[in-house]
Amino acid sequence: MRPPLRKLPALGAPLLLLACATIGPPKPPSLDLPKPPSDLRAKRKGDKVTLTWTVPTTTTDRQAARSLGPTRICRGVEPKFEQCGTPVGQAPGPARTTVTQKTGSYTDILSGNLQSENSSAFIAYAVEVLNADGRGAGLSNQVRVPSVKALPPPKDFTAQVTGQGVVLSWTGVTPSTPSQVRLVYRVYRRLEGAQQQILVSEVPAGPDQAFTLTDSSIEWEKTFEYHAETVTILSSAGQPEARVESDDSPEVKVFADDVFPPAVPSGLQAVFSGPGQQPFIDLIWAPVTDVDLDGYYIYRHEEGTPPVKLNAQPVKTPAYRDTSVAAGKSYLYSVSAVDVRGNESARSEEAGERVP
């Protein structure tokens with residue numbers, strides 16, 4: 001007698017479906033070629049060209065870059081070039097690649113034979129990032145810098161603290177420039193110990209060689225460092241302006257110690273109140289416009305006696321009423337200005353008035 005057939009659990013279909021889900025064409029291995037940068041930038045200063053770019057974190061096949069080698073620096077004298085040829089240098093690869101974007105940089109020195117008298121000549125740059133095996137996916141975007149010779153920085157650059165601010169002086173350069181080239185001088189200020197530089201002013205060059213500029217935007221009682229540069233500005237039809245900066249002048253340091261009093265008040269007038277009122281003499285004068293003005297002191301004396309200060313604290317407006325006057329006497333008044341650091345000006349010319 002045959003044993004009866006036993007019913008098996010219905011698991012075959014799900015198992016078959018699971019097995020089918022794992023079947024697929026194998027993925028080709030990644031070539032690990034770094035994606036070429038597209039944000040290469042170039043800045044020229046003197047005979048130095050500084051290149052910067054974002055180090056790629058992905059490959060051309062959209063995989064994470066596992067390892068990066070050096071970056072080749074490519075330079076050409078034509079407006080565009082297709083291949084790097086012999087690189088002018090290379091920037092080392094990062095110690096390791098992460099998802100965090102990093103910036104690569106390289107400084108190229110332009111030799112004398114690469115610098116030109118032709119203001120319309122340019123030098124082109126591109127970079128090629130390689131993998132650990134020394135293979136790359138091609139050139140980055142290309143950038144250009146003018147190859148015209150950079151001018152020297154201003155000479156005899158000095159700084160002196162005055163009551164109006166820091167007075168900066170220098171001697172300009174004397175090149176013969178074509179009509180499409182113009183020169184300006186840029187003066188920069190930096191607070192001692194800080195990294196940020198502030199452009200104080202841009203002064204056009206002219207036939208005179210002696211230049212003076214007053215920086216009145218300083219904060220008193222702080223130390224500043226100044227330098228200047230000569231900037232060559234190139235213009236050509238249909239093209240944006242190109243600029244070539246010189247090297248910096250030697251830096252000069254000044255301590256902005258405010259020991260300078262405000263301007264002396266002027267136009268002082270003294271007027272008696274008139275009969276029928278409590279006696280007083282009103283004083284008015286032209287306001288002093290110094291930005292750090294704190295107020296005014298008023299001085300009074302009679303003929304043959306020394307002046308005496310009438311107010312212990314500075315008055316804030318250019319007016320004062322003297323109520324401590326006596327009938328039958330004549331008074332002489334003068335006014336001084338004082339700033340927030342206590343620097344007091346000389347006294348104004350005197351104004352007199354008699355009390356009947």
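Start by selecting F272, whose bridge partner in β17 is I281. Before going further, keep in mind that this is a predicted model, in which local features need pLDDT of at least 70, side-chain atom pairs count only at pLDDT 80 or more, and totals for chains, interfaces and linings use all residues. Numbering runs from 1 along each chain as its sequence is written, and side-chain values use heavy atoms, with hydrogens and water left out.

**Stop 1**

Now colour β16 and β17 (residues 281–286), which pair in the antiparallel sense over five bridges. Strands here are DSSP runs (E, at least two residues), numbered from the N terminus, and two of them pair if DSSP finds at least two bridges between them.

**Stop 1: the largest pocket**

Next, select F122, R144, P146, E241 and A242: of the 21 residues lining the largest pocket, these are the closest to its centre. The space in this pocket comes to about 380 Å³. A pocket is an open set of points on a 1 Å grid over the protein atoms alone, where a 1.4 Å probe fits, with protein on both sides within 12 Å along at least five of seven lines; lining residues have an atom within 4 Å of a point. The volume is the space filled by probe spheres set on the points.

Show β1 (41–45), β7 (143–146), β13 (223–236) and β14 (239–245), the elements that give two or more residues to this lining. The largest share, six residues, comes from β14. Colour the lining of the largest pocket by class and you get eight nonpolar, six polar and seven charged residues. Nonpolar covers Ala, Val, Leu, Ile, Met, Phe, Trp, Tyr, Cys and Pro, charged covers Asp, Glu, Lys and Arg, and the others, Gly among them, are polar.

**Stop 2**

Pick S246, in the loop between β14 and β15 (252–255). S246 has a relative accessible area of 1%, so it is buried (under 20%; exposed is over 50%, partly exposed in between, with a 1.4 Å probe and protein chains only). Leaving aside neighbours within four places in sequence, the contacts of S246 are K45, G46, L151, P152, P153, E229 and T230, where contact means heavy atoms within 4.5 Å.

**Stop 3: the second largest pocket**

Jump to G163, Q164, W220, V291 and D292, which lie nearest the centre of the second largest pocket, among its 15 lining residues. Its volume is about 290 Å³. The lining of the second largest pocket divides into seven nonpolar, five polar and three charged residues.

**Stop 4: two positive phi values**

Select E221, in the loop between β12 (210–215) and β13. Its phi is near 65 degrees, a positive value in a residue other than glycine, and E221 is partly exposed at 37% relative accessible area. Then go to D156 in strand β8 (residues 155–162). The phi of D156 is near 55 degrees, again positive in a residue other than glycine, and at 58% relative accessibility D156 counts as exposed.

**Last stop: I73**

I73 is buried, with a relative accessible area of 0%. Not counting residues up to four places away in sequence, I73 touches several residues, including L51, W53, C84, Y106 and V127.

Terms used:
Helices (H or I, at least four residues) and strands (E, at least two) are DSSP runs, numbered from the N terminus.
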